[in-house]
Amino acid sequence: MNGNFYENERVALFIDGANLYSAARALGFDIDYRRLLKVFRDKGRLVRAYYYTALVEDQEYSPIRPLIDWLDYNGYTMVTKPTKEFTDAMGRRKIKGNMDIELAIDVLEMAEHLDHVILFSGDGDFRRLVEAVQRRGLRVSVVSTIKSSPPMVADELRRQADDFIELAELAPLIARNPSERAARPAVAASNGHREADYADSPPAEQLMRSA
(Lines give C-alpha, C1' and ligand atoms only; values in the text may rest on other atoms or scores of the structure.)
Protein backbone atom coordinates (compact mmCIF):
# COMPACT_ATOMS: atom_id res chain seq x y z
CA MET A 1 0.00 0.00 0.00
CA ASN A 2 1.31 3.44 -0.89
CA GLY A 3 1.28 6.25 1.65
CA ASN A 4 3.67 7.32 4.40
CA PHE A 5 3.09 6.27 8.00
CA TYR A 6 5.15 6.60 11.16
CA GLU A 7 5.03 4.04 13.95
CA ASN A 8 4.10 6.35 16.82
CA GLU A 9 1.87 8.84 15.03
CA ARG A 10 -1.74 9.22 16.15
CA VAL A 11 -4.07 8.26 13.33
CA ALA A 12 -7.83 8.52 12.83
CA LEU A 13 -10.01 7.28 9.97
CA PHE A 14 -12.90 9.36 8.66
CA ILE A 15 -15.00 7.23 6.30
CA ASP A 16 -17.62 8.77 4.03
CA GLY A 17 -19.68 5.58 3.81
CA ALA A 18 -21.59 6.31 0.61
CA ASN A 19 -18.50 7.59 -1.19
CA LEU A 20 -16.32 4.66 -0.18
CA TYR A 21 -19.04 2.17 -1.11
CA SER A 22 -19.38 3.72 -4.57
CA ALA A 23 -15.61 3.69 -5.13
CA ALA A 24 -15.26 0.05 -4.06
CA ARG A 25 -18.18 -0.98 -6.26
CA ALA A 26 -16.67 0.87 -9.21
CA LEU A 27 -13.55 -1.26 -8.70
CA GLY A 28 -15.59 -4.46 -8.35
CA PHE A 29 -15.00 -5.51 -4.74
CA ASP A 30 -16.69 -5.45 -1.33
CA ILE A 31 -14.92 -4.21 1.79
CA ASP A 32 -14.14 -6.36 4.80
CA TYR A 33 -14.31 -3.74 7.54
CA ARG A 34 -12.49 -5.96 10.02
CA ARG A 35 -9.51 -6.19 7.68
CA LEU A 36 -9.63 -2.47 6.95
CA LEU A 37 -9.39 -1.63 10.64
CA LYS A 38 -6.47 -4.03 11.11
CA VAL A 39 -4.50 -2.50 8.23
CA PHE A 40 -4.50 0.93 9.83
CA ARG A 41 -4.02 -0.33 13.38
CA ASP A 42 -0.80 -1.86 12.11
CA LYS A 43 0.30 1.47 10.57
CA GLY A 44 0.24 3.66 13.67
CA ARG A 45 -1.61 4.45 16.90
CA LEU A 46 -5.22 4.32 15.74
CA VAL A 47 -7.16 6.75 17.93
CA ARG A 48 -10.58 6.48 16.29
CA ALA A 49 -12.33 5.16 13.19
CA TYR A 50 -15.43 7.13 12.23
CA TYR A 51 -18.02 5.88 9.75
CA TYR A 52 -20.61 8.33 8.36
CA THR A 53 -23.91 7.32 6.79
CA ALA A 54 -27.46 8.58 6.47
CA LEU A 55 -30.46 6.43 7.37
CA VAL A 56 -33.79 6.20 5.60
CA GLU A 57 -36.51 6.74 8.19
CA ASP A 58 -40.00 5.25 8.30
CA GLN A 59 -38.91 1.89 6.97
CA GLU A 60 -39.83 -1.31 8.78
CA TYR A 61 -36.35 -2.63 8.06
CA SER A 62 -33.32 -0.65 6.96
CA PRO A 63 -30.95 -2.84 4.90
CA ILE A 64 -27.97 -0.91 6.24
CA ARG A 65 -28.88 -1.43 9.91
CA PRO A 66 -26.92 -4.72 10.30
CA LEU A 67 -23.81 -3.00 8.94
CA ILE A 68 -24.21 -0.11 11.37
CA ASP A 69 -24.71 -2.46 14.31
CA TRP A 70 -21.73 -4.59 13.36
CA LEU A 71 -19.40 -1.62 12.92
CA ASP A 72 -20.59 -0.10 16.19
CA TYR A 73 -19.71 -3.29 18.08
CA ASN A 74 -16.40 -3.84 16.30
CA GLY A 75 -14.28 -0.75 16.77
CA TYR A 76 -15.97 1.96 14.69
CA THR A 77 -17.59 5.17 15.88
CA MET A 78 -20.85 5.53 13.98
CA VAL A 79 -22.18 8.94 12.94
CA THR A 80 -25.65 8.83 11.39
CA LYS A 81 -28.57 11.10 10.63
CA PRO A 82 -31.92 10.67 8.86
CA THR A 83 -32.17 11.25 5.13
CA LYS A 84 -34.39 13.97 3.71
CA GLU A 85 -36.85 13.34 0.91
CA PHE A 86 -37.60 16.03 -1.67
CA THR A 87 -38.97 16.47 -5.19
CA ASP A 88 -36.70 18.01 -7.82
CA ALA A 89 -37.69 20.44 -10.58
CA MET A 90 -38.64 17.51 -12.84
CA GLY A 91 -41.03 16.13 -10.24
CA ARG A 92 -38.77 13.20 -9.38
CA ARG A 93 -38.54 11.88 -5.82
CA LYS A 94 -35.02 12.26 -4.44
CA ILE A 95 -33.31 11.15 -1.25
CA LYS A 96 -30.64 13.39 0.29
CA GLY A 97 -28.24 12.12 2.93
CA ASN A 98 -25.12 14.29 2.84
CA MET A 99 -22.78 13.83 5.83
CA ASP A 100 -20.08 16.36 4.83
CA ILE A 101 -20.73 18.81 7.68
CA GLU A 102 -20.67 16.12 10.36
CA LEU A 103 -17.41 14.70 9.02
CA ALA A 104 -15.76 18.12 8.73
CA ILE A 105 -16.69 19.11 12.30
CA ASP A 106 -15.34 15.85 13.71
CA VAL A 107 -12.04 16.22 11.85
CA LEU A 108 -11.55 19.77 13.15
CA GLU A 109 -12.51 18.83 16.71
CA MET A 110 -10.19 15.81 16.73
CA ALA A 111 -7.26 17.62 15.09
CA GLU A 112 -5.48 18.49 18.35
CA HIS A 113 -5.41 14.80 19.32
CA LEU A 114 -4.02 13.54 16.00
CA ASP A 115 -0.95 13.57 13.79
CA HIS A 116 -2.44 11.99 10.67
CA VAL A 117 -5.97 12.10 9.23
CA ILE A 118 -7.04 9.35 6.82
CA LEU A 119 -9.98 10.59 4.75
CA PHE A 120 -11.93 7.94 2.86
CA SER A 121 -13.63 10.12 0.26
CA GLY A 122 -13.02 11.58 -3.16
CA ASP A 123 -15.39 14.53 -2.69
CA GLY A 124 -13.76 17.74 -3.84
CA ASP A 125 -15.76 19.71 -1.25
CA PHE A 126 -13.30 18.42 1.36
CA ARG A 127 -10.31 20.23 -0.18
CA ARG A 128 -10.70 23.26 2.12
CA LEU A 129 -11.07 20.97 5.13
CA VAL A 130 -7.82 19.21 4.24
CA GLU A 131 -6.07 22.56 3.83
CA ALA A 132 -7.36 23.78 7.22
CA VAL A 133 -6.16 20.64 8.99
CA GLN A 134 -2.76 20.85 7.33
CA ARG A 135 -2.35 24.39 8.67
CA ARG A 136 -2.67 22.88 12.15
CA GLY A 137 0.36 20.71 11.47
CA LEU A 138 -1.38 17.43 10.60
CA ARG A 139 -0.77 15.25 7.59
CA VAL A 140 -3.76 14.14 5.55
CA SER A 141 -4.01 11.05 3.36
CA VAL A 142 -6.95 10.65 1.00
CA VAL A 143 -8.21 7.17 0.11
CA SER A 144 -10.14 6.89 -3.17
CA THR A 145 -9.48 5.82 -6.74
CA ILE A 146 -8.42 7.24 -10.09
CA LYS A 147 -8.59 3.80 -11.69
CA SER A 148 -12.36 3.70 -12.06
CA SER A 149 -14.14 5.19 -15.06
CA PRO A 150 -14.72 8.00 -14.36
CA PRO A 151 -12.25 8.55 -11.50
CA MET A 152 -13.94 8.77 -8.10
CA VAL A 153 -11.61 11.38 -6.58
CA ALA A 154 -11.66 15.08 -7.40
CA ASP A 155 -8.33 16.28 -8.75
CA GLU A 156 -8.19 19.26 -6.39
CA LEU A 157 -8.63 17.01 -3.34
CA ARG A 158 -5.95 14.59 -4.49
CA ARG A 159 -3.49 17.43 -5.10
CA GLN A 160 -4.17 19.03 -1.71
CA ALA A 161 -3.61 15.82 0.28
CA ASP A 162 -0.15 14.98 1.58
CA ASP A 163 -0.60 11.45 0.28
CA PHE A 164 -3.09 9.76 -2.01
CA ILE A 165 -3.82 6.11 -1.28
CA GLU A 166 -5.18 4.35 -4.34
CA LEU A 167 -8.12 2.16 -3.29
CA ALA A 168 -7.35 -0.36 -6.03
CA GLU A 169 -3.91 -0.97 -4.47
CA LEU A 170 -5.44 -1.18 -1.00
CA ALA A 171 -8.08 -3.69 -2.18
CA PRO A 172 -5.98 -6.87 -1.72
CA LEU A 173 -5.59 -5.96 1.95
CA ILE A 174 -9.23 -5.07 2.69
CA ALA A 175 -11.39 -6.91 0.15
CA ARG A 176 -13.95 -9.37 1.44
CA ASN A 177 -13.61 -12.92 0.18
CA PRO A 178 -17.13 -14.28 -0.53
CA SER A 179 -15.97 -17.86 0.02
CA GLU A 180 -14.70 -16.99 3.51
CA ARG A 181 -18.08 -15.61 4.44
CA ALA A 182 -19.86 -18.70 3.15
CA ALA A 183 -17.61 -20.94 5.21
CA ARG A 184 -17.78 -18.86 8.40
CA PRO A 185 -20.23 -20.06 11.05
CA ALA A 186 -23.06 -17.70 11.92
CA VAL A 187 -22.01 -16.65 15.40
CA ALA A 188 -24.58 -14.54 17.23
CA ALA A 189 -23.22 -11.27 18.55
CA SER A 190 -24.42 -9.51 21.66
CA ASN A 191 -26.59 -7.21 19.54
CA GLY A 192 -28.56 -10.15 18.13
CA HIS A 193 -27.02 -10.06 14.64
CA ARG A 194 -24.82 -12.73 13.18
CA GLU A 195 -21.14 -11.88 12.94
CA ALA A 196 -21.26 -11.90 9.14
CA ASP A 197 -24.58 -10.12 8.67
CA TYR A 198 -22.87 -6.80 7.93
CA ALA A 199 -21.64 -8.19 4.61
CA ASP A 200 -25.17 -8.16 3.21
CA SER A 201 -25.85 -4.55 4.04
CA PRO A 202 -23.76 -2.12 1.94
CA PRO A 203 -26.19 -1.89 -1.05
CA ALA A 204 -28.18 0.59 1.06
CA GLU A 205 -25.27 2.98 0.64
CA GLN A 206 -26.05 3.06 -3.06
CA LEU A 207 -29.18 5.00 -2.17
CA MET A 208 -26.98 7.84 -0.94
CA ARG A 209 -24.77 7.91 -4.01
CA SER A 210 -26.57 10.87 -5.57
CA ALA A 211 -27.07 12.67 -2.27
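**Reading a sheet and one of its helices**

Q: How many bridges join β7 and β8, and in which sense do they pair?
A: Strand β7 (residues 139-144) pairs with β8 in the parallel sense, over 4 bridges. Strands of a sheet pair through backbone hydrogen bonds, either parallel or antiparallel. Two strands pair if DSSP finds at least two bridges between them; strands are DSSP runs (E, at least two residues) and helices are runs of H or I (at least four), numbered from the N terminus. Opposite Val 142 stands Phe 164 of β8. This is a predicted model: local features need pLDDT of at least 70, side-chain atom pairs count only at pLDDT 80 or more, and totals for chains, interfaces and linings use all residues. Residues are numbered from 1 along each chain as its sequence is written, and side-chain values use heavy atoms, leaving out hydrogens and water.

Q: What is the strand order of the open sheet?
A: The 6 strands run β3-β2-β1-β6-β7-β8, with parallel pairing. The edge strands β3 and β8 (163-166) each pair on one side only.

Q: Which residues of α4 are buried?
A: Buried means under 20% relative accessible area, exposed over 50%, and partly exposed in between (1.4 Å probe, protein chains only). In α4 (residues 100-110) the buried residues are Asp 100, Leu 103, Ala 104, Asp 106, Val 107 and Met 110. They lie on the same side of α4 because they cover an arc of only 165° around the axis, taken from the directions from the helix axis to the C-beta atoms. The face turned away from that buried side carries the exposed Ile 101 and Glu 109.

Q: What covers the buried residues of α4?
A: Contact means heavy atoms within 4.5 Å. The cover includes β1 (10-16), β2 (45-55), β3 (77-82), β6 (116-120) and α5 (127-135).
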